[in-house]
Amino acid sequence: MDTIDPRDFRPEKTAPVRSDPPGAVKAMPSPREMHHLHIYADKNYDAMVEFYQWLFNGEIVRVNPNGLTFISYDDHDHRVVILRRKEGEPKPARFVGASHVAFAYASLGELLFVYQRMKERGYPPEYAVNHGNSTSFYYTDPDGNTVETMMDNYAPLDTQNYKRHYQWSEYFGKMAEANFDPDKMLALYETGVPDTILIDREEVRKMCADGRL
Ligand SMILES: [Fe+2]
């Protein structure tokens, strides 16, 4: 069996996304994307690794013997890291910290595919809702964290304008009016109802009101 020489995996050249010469950055910059998330786990460590590997169709890039598992789902070296909690103390039922983390997908078809596979795996979402700006499914991981899979319902700037001006306006209605049944959504999607209808909050509200969704 060939032995691997780690030195073969050090690239010859660095490759920044963009090279800014000195003085080019003149204002506080913002991030390009959500890059990675570190999550502590205790007795659920193995289940957490399996959950995120499954949810993201990811692969384990590296396991550090001290209790870190690095998972990626694209060409990045890590997107989610599961860390074994040092003291082995379970997380308290009520805690202060991150509320949830959201991952954006490209289409309703992808979100519904993830939904089906997660449900089969024993992880049905807590709920699903059309927020207007987004179509979102909320899952709970084995350590009790909430993870949202979502898509923007509109183009980026339109979505921002919707959030800025329409959401929670007098025309918006109650958020829960667009809490939908994922199985009904899946059935409508599979019988050919266009995704442009199925991610439209006004259509979703109507279909929820009459029991179709
Ligand atoms: Fe969210």
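Predicted model: local features only at pLDDT ≥ 70, side-chain atom pairs only at ≥ 80, totals over all residues.
The protein is divided into domain 1, spanning residues 34-88, and domain 2, spanning residues 99-213, and the centres of domain 1 and domain 2, taken over C-alpha atoms, are separated by 26 Å. To the contact, domain 1 contributes 18 residues and domain 2 contributes 17 residues. About 1500 Å² is buried between domain 1 and domain 2, with 68% of this area on carbon and sulfur atoms; of the area that domain 1 buries against domain 2, 42% is supplied by Phe51, Trp54 and Leu55, more than by any other three residues.

Between domain 1 and domain 2 there are two salt bridges, and six residue pairs, both members at pLDDT 80 or more, are in polar contact. On the side of domain 1 that touches domain 2, strand E1 (37-41) and helix H1 (45-55) each supply at least two residues, and H1 gives the most, with seven residues. The residues of this side of domain 1 comprise 14 nonpolar, one polar and three charged. A salt bridge also joins the side chains of Asp143 and Arg85, at 3.4 Å from N to O.

Glu148 is situated in strand E8, which covers residues 146-152, and counts as buried because its relative accessibility is 6%, where the cut-off for burial is under 20%. Beyond residues up to four places away in sequence, Glu148 touches His100, Val101, Ala102, Phe103, Ser134, Ser136, Phe137 and Tyr138. The side chain of Glu148 forms a polar contact of 2.7 Å with the side chain of Ser136 and another, of 3.5 Å, with that of Tyr138. Although Glu148 and Tyr138 are 10 residues apart in sequence, their C-alpha atoms are 4.5 Å apart in space.

Technical notes. Residues numbered from 1 in each chain as written. Heavy atoms only, no water. Helix = DSSP H or I, 4+ residues; strand = E, 2+ residues; numbered from the N terminus. Buried < 20%, exposed > 50% of the residue type's maximum accessible area, 1.4 Å probe, protein only. Contact = heavy atoms within 4.5 Å. Polar contact = N/O pair within 3.5 Å; in protein donor to acceptor, adjacent residues only side chain to side chain. Domains from an automatic or database assignment. Buried area = accessible area lost by both parts, 1.4 Å probe. Salt bridge = Lys/Arg side-chain N within 4 Å of Asp/Glu carboxyl O. Nonpolar A, V, L, I, M, F, W, Y, C, P; charged D, E, K, R; others polar.
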